[in-house]
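I opened my notebook to work through this structure. I wanted to see what holds its parts together.

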Amino acid sequence: MSPAGCPHVNGFKVDNWKQNLRVIYQCFVWSGSAETRKRKKEEGGDPQPVALSRPLQAKSCICHMCGAHLNRLHSCLSCVFFGCFTKKHIHEHAKNKRHNLAIDLLYGGIYCFVCQDYIYDKDMEQIAKEEQRKAWKLQGVGEKYSTWEPTKRELELLRHNPKRRKITTNCTIGLRGLINLGNTCFMNCIVQALTHTPLLRDFFLSDRHKCEMQSNSCLVCEMSQLFQEFYSGHRSPHIPFRLLHLVWTHARHLAGYEQQDAHEFLIAALDVLHRHCKDDNGKKANNPNNCNCIIDQIFTGGLQSDVTCQVCHGVSTTIDPFWDISLDLPGSSTPFWPLSPGGDGSTLNGESHLSGATTLTDCLRRFTRPEHLGSSAKIKCSGCHSYQESTKQLTMKKLPIVACFHLKRFEHSAKLRRKIPTYVSFPLELDMTPFMASSKESRMNGQYQQSVDVFNNDNKYSLFAVVNHQGTLESGHYTTFIRQHKDQWFKCDDAVITKASIKDVLDSEGYLLFYHKQFLEYE
Amino acid sequence: MKMEDMSLSGLDNTKLEALAQDIYSDLVEDACLGLCFEVHRAVKQGYFFLDDTDQESMKDFEIVDQPGVDIFGQVYNQWKNKECVCPNCNRSIAASRFAPHLEKCLGMGRNSSRIANRRIASSNNMNNKSESDQEDNDDVNDNDWSYGSEKKKRKSDKVFLHSLKQHIPLVSFIAVEIHVLYVVFLSTCNCKGANR
């Protein structure tokens, strides 16, 4: 018996008590069907449980003493009696009949009149939970979200270890510097961004990774260890030498004298994590499109590519997964303006590029503009059965939970290698709705002005990390701004963590921008 | 309040308002009751106070926002003497030099024993000239980090050794200290986002 239960339920737990309890839950607490279901006549056998319609339930649930239907009605567990709690009618019944248990019809809690308190019996709660789930399913409500509760063992452990670390505002827990191992700031800046990705943090701190790799070389385990280091409360900077070793072992193309770019490191790290995560998924599926590891859940989006034949207007669509969006900048050798072919593009969404700095939205509009592929790049059209000129357009089909935007500042064309320092202004909050595949459809139907649906929260994002590169192509340094709490930002410069203002963040040049979805839907 | 069937159509606005108000306050009360039950259950099951921290220990973790120190109140640049153990060779290495060490240790850099061994192996089979030609191309196109302060020294040495390479037979070329070669051949210009 759990400490929250009581011994008086034993009198109740006899004979067919489980079924009787179920009937009470189904008929009077959580009614499932919206319409009256036909009652089956009792014909000598066990009474069949029947879900009552809610209007019928409402009418039959009244106090047997005063007729009220409010006042916290309770039903006796031993006989058919409903009574008010606030008026103590059910208490009277309990005393008179020596029926010790009653159930609250609103929330299904069990009250014991001997203990004079609500009690929580494991078996009875189990039945309550099942009935509620059934009823909600019937009503189409979905599953009830239940917050975490410690098991008995976990409670013991927590009591024996009373030291706690809480991440509150004005608290350094979760922040830690990283030693530069010799030009490894490209790795340090990405580690700071990843350790401050809320969902990733929650995954690792709740110990969700169950490793099935035989050797010691699992990068996900190392990542888990990294989170432990970051949230340990240690002040001295962490030395990520094991992480470097593991990444270089598993992503050989990155190591040594190869180009040390933070963006490449991010993609390589995500790839290795994704590969090592697949091993603990249960299904050893080799299908990269079917993976449900935490990396895919957080970072993978779907990019839709529509190729439209200029002759027959048939559209060929493909959807490719992506972990990041690489955006061209003005000042590169490929022309940035105008944003759409032949048009002045600047009237889309009411913005004008003449008004000042390039914005992230400008870059995204350019990324999702219809692009004429030209006569030298004809596509075989399945409608026309011949090669035709076409336009191509990219839009977002599925948005990831964390969207990473890569501003292509490093140009490596045949003629020149340089860094493009054009300032791009980026917002704290971003709405991706205009760049969705669904918005494209409405745009094609002639609706150029996107009406902002204030109740649609699916596409709203918040900035939480910015990776910056200072310097030139030849010698430079990476730093990261990360957000620990709303409006509380920090600058991570290898081993040195300092407080930063929002202005510092938004004025910075920006190389990698990390946005997190504001609202998460349960599937 | 007794429950009774009512028709809403005959009621005027004030009565409807009053009804709506009643229903609203019932709903609020029910919601509050739900919260009470949650708290009651948490207390009875013993996990309600589990996440309490003690104020004293949390004081240690307050953020410091002063010039010249980081958020922990530590002075910058005091971490020069950190060391770590290489997972590959188990030697103790200074942390700030770990990356170049690991590069050689894993045989990944261009000037490492792996490539040197490959050179030795293939020089026994092929003629010297073709091998050194290949190596030349390899070296020229490699991208690398740059150590800012060592730039000037490197350029002149690079020119010197490059011409030297073309005249010295391959085997004795390898005999030159690898460490010296490593420093000399770091390129200066072709790094995308290279770091100091």
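Entry 1: I looked up A:Lys13 and found it partly exposed, because its relative accessibility is 21%. The cut-offs I used: buried is under 20% relative accessible area, exposed is over 50%, and partly exposed is in between (1.4 Å probe, protein chains only). A:Asp121 counts as buried, at a relative accessible area of 9%. The side chains of A:Lys13 and A:Asp121 meet in a salt bridge of 3.0 Å, N to O. This pair links distant parts of the chain, 108 residues apart. A:Lys13 sits in the segment before α1 (17-29) of chain A, and A:Asp121 in the loop between β5 (117-119) and α4 (122-139) of chain A. A salt bridge here is a side-chain nitrogen of Lys or Arg within 4 Å of a carboxyl oxygen of Asp or Glu. Helices (H or I, at least four residues) and strands (E, at least two) are DSSP runs, numbered from the N terminus.

I noted the ground rules here. This is a predicted model, where local features need pLDDT of at least 70 and side-chain atom pairs count only at pLDDT 80 or more, while totals for chains, interfaces and linings use all residues. Residues are numbered from 1 along each chain as its sequence is written, chains are lettered from A and ligands numbered from 1 in the order in which they are written, and side-chain values use heavy atoms, with hydrogens and water left out.

Entry 2: How many salt bridges does the structure hold over all chains? I read 21. One of them joins the side chains of A:Glu411 and A:Arg418 at 2.9 Å, N to O. A:Glu411 is buried at 9% relative accessible area, whereas A:Arg418 is partly exposed at 28%. I also found a network of salt bridges that links A:Arg22, A:Glu130, A:Glu131 and A:Lys134.

**Entry 3: where chain A meets chain B.** I turned to the interface. Chain A gives 78 residues to the contact and chain B gives 65, with contact meaning heavy atoms within 4.5 Å. Together the chains bury about 6800 Å², 60% of it on carbon and sulfur atoms. Buried area is the accessible area (1.4 Å probe) that two parts lose on being put together, summed over both.

Which residue of chain B pairs with A:Glu149 in a salt bridge? It is B:Arg41, with the closest N and O atoms 2.8 Å apart. This pair crosses between chains, from the loop between α4 and α5 (152-160) of chain A to helix α1 (residues 13-45) of chain B. A:Glu149 is partly exposed at 36%; B:Arg41 is buried at 16%. I count three salt bridges between chain A and chain B. B:Arg41 also meets A:Glu125 in a salt bridge of 2.9 Å, N to O. Helix α9 (residues 241-250) of chain A gives the largest share of the side of chain A that touches chain B, five residues.

**Entry 4: helix α3 of chain A.** Which residues of α3 (residues 89-97) are buried? I listed A:His89, A:Ile90, A:His91, A:His93 and A:Ala94. Their cover includes β1 (73-76), β2 (82-84), β3 (101-104) and β4 (110-112) of chain A. After α3(A) comes A:Arg98, with a positive phi near 60 degrees.

**Entry 5: strands of chain A.** Two strands pair if DSSP finds at least two bridges between them. β20 (residues 476-485) and β21 (residues 488-493) of chain A pair in the antiparallel sense over five bridges. A:Thr480 has A:Cys492 as its bridge partner in β21(A). These strands form a hairpin with two residues between them, and A:Asp487 in the turn has a positive phi of about 65 degrees.

β21(A) also pairs with β22 (residues 496-500) of chain A, antiparallel, over five bridges. There, A:Trp489 has A:Ala500 as its bridge partner in β22(A). In this hairpin, A:Asp494 takes a positive phi near 50 degrees.

I then found an open sheet of four strands in chain A, ordered β7-β6-β13-β10, with antiparallel pairing. β7 (315-322) and β10 (371-372) each have a single partner strand, so one side of each has no neighbour in the sheet. Eight bridges join β6 (residues 301-309) to β13 (residues 390-398) of chain A.
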